[in-house]
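Let's take a friendly walk through a protein chain, from its overall build down to a few of its rings. Have a look at the structure first, and then read on.

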Amino acid sequence: MKIRIAEDYDQMSTWAAELVAQQIKEKHNSVLGLATGSTPEGLYRLLVQMYQEGKLDFSHIITFNLDEYLGLAPTHPQSYAYFMHQHLLDHVNLKPENIHLPDGLAQDLDAFCQKYEEQIIAAGGIDLQVLGIGRNGHIGFNEPHHYLSVGTHTVRLTEDTIEANSRFFNSKDEVPHQAVTMGMGTILKAKKILLLANGKTKAKAIKDALCGRITTRIPASFLQLHRDITVIVDKEAASLL
Ligand code: F6R
């Protein structure tokens, strides 16, 4: 595990963008696993900038997003699909058929989850998975629990996650209580993983995930088992390491 401690959010984002850009340059048809949330916003801004400057080509890149709220249409401003279009997908030359976003409105969710796994396998597996971390140690929406699921599945969000994510909604009552997410197995099968975290609120989760025992109570702790993971955190998120 490589751990890099950045001065601040901007440096974390710059280092992350350099790593993703390197992946895209080394393999022009890379399969990228992508996260939403505040953490990767700076990374996506820099990738868009690199594309606009002619330094990156996404025309053969394939993307799979980690998760989505159940019940939110892609047109809903708080859906993760909307976030991805706003921050990255609409601003680079990704082909629409190469973009995969979990369908929060799928009629048959089990069938959707199975298909999503099959699509990832058919694409050759994820080359680089970008992750943020919840303050409760979740990755994707794999929430702390007495067991974790392997493949893409639906999940009930914890109170802590609903509370943490309410900052994006008008009120806590509007936050969906369920989501669809890649499983721990889906994430751990990625060839490379890039975990990002910034700010004091993530310091405990980062310490527990990287330095503590592996436990389903801190899903990110399973990342310690991965062979090729780079962690880029700012000073505040690293403050308990
Ligand atoms: C989002 C995701 C989540 C977030 C995590 C941190 O697609 O999978 O695990 O990465 O909740 O969110 P932020 O970055 O908003 O603190």
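A residue counts as buried when its relative accessible area is under 20%, as exposed when it is over 50%, and as partly exposed in between, using a 1.4 Å probe and protein chains only. By that rule Phe 169, at 9% relative accessibility, is buried. Before we go on, note that this is a predicted model, in which local features need pLDDT of at least 70, side-chain atom pairs count only at pLDDT 80 or more, and totals for chains, interfaces and linings use all residues. Residues are numbered from 1 along each chain as its sequence is written, and side-chain values use heavy atoms, leaving out hydrogens and water.

**The whole chain**

The protein chain contains seven helices and ten strands; these are DSSP runs numbered from the N terminus, with helices (H or I) of at least four residues and strands (E) of at least two. Its radius of gyration is 17 Å, close to the 18 Å that the globule rule gives for 241 residues, so the chain is as compact as a globular protein of that length. Here the radius is taken over C-alpha atoms, and the rule is 2.2 Å times the number of residues to the power 0.38. Along its principal axes, the C-alpha trace spans about 45 × 45 × 35 Å.

How much of the chain is buried? Of the 241 residues, 54% are. Contacts (heavy atoms within 4.5 Å) also tell a story: among those between residues at least 6 apart in sequence, 78% join residues at least 24 apart.

**Rings that meet**

A pair of aromatic rings is described by the distance of the centres and the angle of the planes. Rings of Phe, Tyr and Trp (its six-membered ring) pair if their centres lie within 6.5 Å; planes under 30 degrees apart are stacked, over 60 edge-to-face, and the rest tilted.

| Pair | Centre to centre | Angle of planes | Type |
|---|---|---|---|
| Phe 64 and Tyr 116 | 5.6 Å | 80 degrees | edge-to-face |
| Tyr 69 and Phe 169 | 5.7 Å | 80 degrees | edge-to-face |

Phe 64 sits in strand β3 (residues 62-65) and Tyr 116 in helix α4 (residues 109-122), so their pair ties together parts 52 residues apart in sequence. Both Phe 64 and Tyr 116 are buried.

Tyr 69 belongs to strand β4 (residues 67-69), while Phe 169 is in the loop between α5 (159-165) and β8 (178-181), so this pair ties together parts 100 residues apart in sequence. Tyr 69 is buried too, with a relative accessible area of 1%. Together with Tyr 80 and Phe 141, Tyr 69 and Phe 169 form one aromatic cluster.
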